[in-house]
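Student: Before I use this model, I would like to go through the terms applied to it. Please set each value against its criterion.

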Amino acid sequence: MSKNGAPFITFEGGEGSGKSTQVEILNRTLLQADIDVLSLREPGGTPGAEHIRELVLHRDTELWTPVTEALLMSASRSDLVSKRLIPALDKGVWVLCDRFTDSTLAYQGFGHKLGYEAIDALNHFTVSDLKPDLTFVFELNPELGLERAEVRDGAKDRIEAYDINFHRRVAEGFAEVIKRNPDRCISINALLDIDIISKQILQEVDRRFGKQKSASV
Ligand SMILES: Nc1ncnc2c1ncn2[C@@H]1O[C@H](COP(=O)(O)OP(=O)(O)O)[C@@H](O)[C@H]1O
Ligand SMILES: [Mg+2]
């Protein structure tokens with residue numbers, strides 16, 4: 001898949017680690033700088049993918065096997081990538097995505113123990129050679145993350161309801177993703193204050209894409 005040079009930035013990490021909070025802040029900051037930006041979140045983002053989101057997140061924990069879950073996440077992603085993500089990048093629109101292929105590596109590859117290589121192959125089948133230009137990985141002790149998510153929602157979704165050892169393996173999975181992709185991935189200490197994290201993120205975005213930022217104004 002080809003793209004037109006607009007930055008593609010993903011936000012990854014466990015439950016309640018602050019991804020959506022920071023996507024919203026960066027989205028607002030870029031809009032204020034007159035940058036065309038599209039913010040997406042997975043699973044979902046197209047009518048078909050939203051149906052899949054409903055299946056994956058809002059049913060019983062036992063309903064899907066790990067392989068089925070990995071395929072459903074990938075099906076949702078395929079729809080989103082071809083219908084919205086690639087068309088936006090091709091038009092020069094910046095794309096921020098709340099979860100992407102690294103979440104499948106961490107959740108299904110590590111959490112469900114399907115293995116890094118198997119999920120890496122599935123990801124490649126799903127998105128071909130499309131890779132984020134930059135990925136912020138929010139690292140947080142999973143107990144605290146789940147607590148934050150529960151305070152936020154008052155209830156657990158299907159994946160949040162997996163046991164704590166699943167979420168510990170997910171955290172290990174994200175650490176492995178960072179280790180294998182040191183240039184693309186920036187580790188964010190999700191214990192820091194929201195405004196400190198947003199400054200770190202903006203600084204990194206400016207450092208990497210500052211030229212594109214001023215060119216599009
Ligand atoms: N750095 C932070 N410190 C403390 N609380 C935070 C921080 N970032 C987000 N939160 C809060 O934690 C909860 C989960 O954040 P959210 O952005 O929804 O996480 P995620 O999208 O990763 O699940 C929200 O109630 C949010 O306001
Ligand atoms: Mg979120």
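Predicted model: local features only at pLDDT ≥ 70, side-chain atom pairs only at ≥ 80, totals over all residues.

Student: What makes up the chain in terms of helices and strands?

Tutor: There are eight helices and five strands in the chain. In sequence order the pattern reads β-α-β-α-α-β-α-α-β-α-α-β-α.

Student: How do you know that the radius of gyration agrees with a compact globule?

Tutor: For 217 residues the globule rule gives a value near 17 Å, and the chain has 16 Å, so the two agree. Along the principal axes, the C-alpha atoms fill a box of roughly 50 × 35 × 30 Å. Of the residues in the chain, 39% count as buried. As for contacts between residues at least 6 apart in sequence, 81% join residues at least 24 apart.

Student: In what order do the strands of the sheet lie, and is the pairing parallel or antiparallel?

Tutor: The sheet is open, with its five strands in the order 2-3-1-4-5, and the pairing is parallel. In general, strands of a sheet pair through backbone hydrogen bonds.

Student: What makes strand 2 and strand 5 edge strands?

Tutor: Strand 2 (37-41) and strand 5 (185-189) each pair on one side only, and they are the edge strands. From one strand to the next, the twist averages 20 degrees.

Student: How do you know that strand 1 pairs with strand 3?

Tutor: Pairing requires at least two bridges. Strand 1 (residues 8-13) and strand 3 (residues 94-98) are joined by four, and they run parallel. Phe-8 has Val-95 as its bridge partner in strand 3.

Student: Which parts of the sheet does helix 1 touch?

Tutor: Helix 1 packs on the sheet and touches strand 1, strand 2, strand 3 and strand 4 (134-139). The direction of helix 1 makes about 165 degrees with that of strand 3. Helix 3 (residues 66-90) also packs on the sheet, where it touches strand 1, strand 2 and strand 3. Its direction makes about 160 degrees with that of strand 2.

Student: How many bridges join strand 4 to strand 1, and how many join strand 4 to strand 5?

Tutor: Five bridges join strand 4 to strand 1, and five join strand 4 to strand 5. With the criterion at two bridges or more, both count as pairs. Thr-10 stands opposite Thr-135 in strand 4, and Phe-138 has Ile-188 as its bridge partner in strand 5.

Student: Why is Ile-52 called buried?

Tutor: The cut-off is 20 or more other C-beta atoms within 10 Å. Ile-52 has 22, so it is buried. This residue lies in helix 2 (residues 47-57). Beyond its neighbours within four places in sequence, Ile-52 is in contact with Pro-43, Leu-72, Ala-75 and Ser-76. Leu-72 is 20 residues away from Ile-52 in sequence, with a C-alpha to C-alpha distance of 6.6 Å.

Student: What makes Phe-100 buried, by the count of C-beta atoms?

Tutor: Phe-100 has 27 other C-beta atoms within 10 Å and is therefore buried. It lies in the loop between strand 3 and helix 4 (101-111). Not counting residues up to four places away in sequence, Phe-100 touches Thr-10, Glu-42 and Pro-132.

Student: Why is Lys-113 called exposed?

Tutor: A residue is exposed at 12 or fewer neighbours. Lys-113 has 12 C-beta neighbours inside 10 Å, so it counts as exposed. Ser-128 also counts as exposed, because it has 12 C-beta neighbours inside 10 Å.

Student: What is the phi of Lys-113, and what is that of Ser-128?

Tutor: Lys-113 is not a glycine, yet its phi is positive, at about 60 degrees. Ser-128, not a glycine either, has a positive phi of about 55 degrees. Most residues other than glycine have a negative phi, and most peptide bonds are trans. Lys-113 is in the loop between helix 4 and helix 5 (116-127), and Ser-128 is in the loop between helix 5 and strand 4.

Student: Where is there a cis peptide bond?

Tutor: A cis peptide bond joins Glu-42 and Pro-43, with omega at about -15 degrees. Pro-43 lies in the loop between strand 2 and helix 2.

Student: Which residues come nearest to ligand 1?

Tutor: Gly-18, Lys-19, Ser-20, Thr-21 and Arg-152 come nearest, out of 16 residues around ligand 1. Helix 1 (19-32), helix 6 (142-153) and helix 8 (194-215) each give two or more residues to that shell. By class, the shell has five nonpolar, six polar and five charged residues.

Note on methods. Residues numbered from 1 in each chain as written. Chains lettered and ligands numbered in written order. Near = placed C-beta within 6 Å. Nonpolar A, V, L, I, M, F, W, Y, C, P; charged D, E, K, R; others polar. Axes fitted to C-alpha atoms, helices over the stretch in contact; angles between N-to-C directions. Contact = placed C-beta atoms within 7 Å. Rg over C-alpha atoms; globule rule 2.2 N^0.38 Å.
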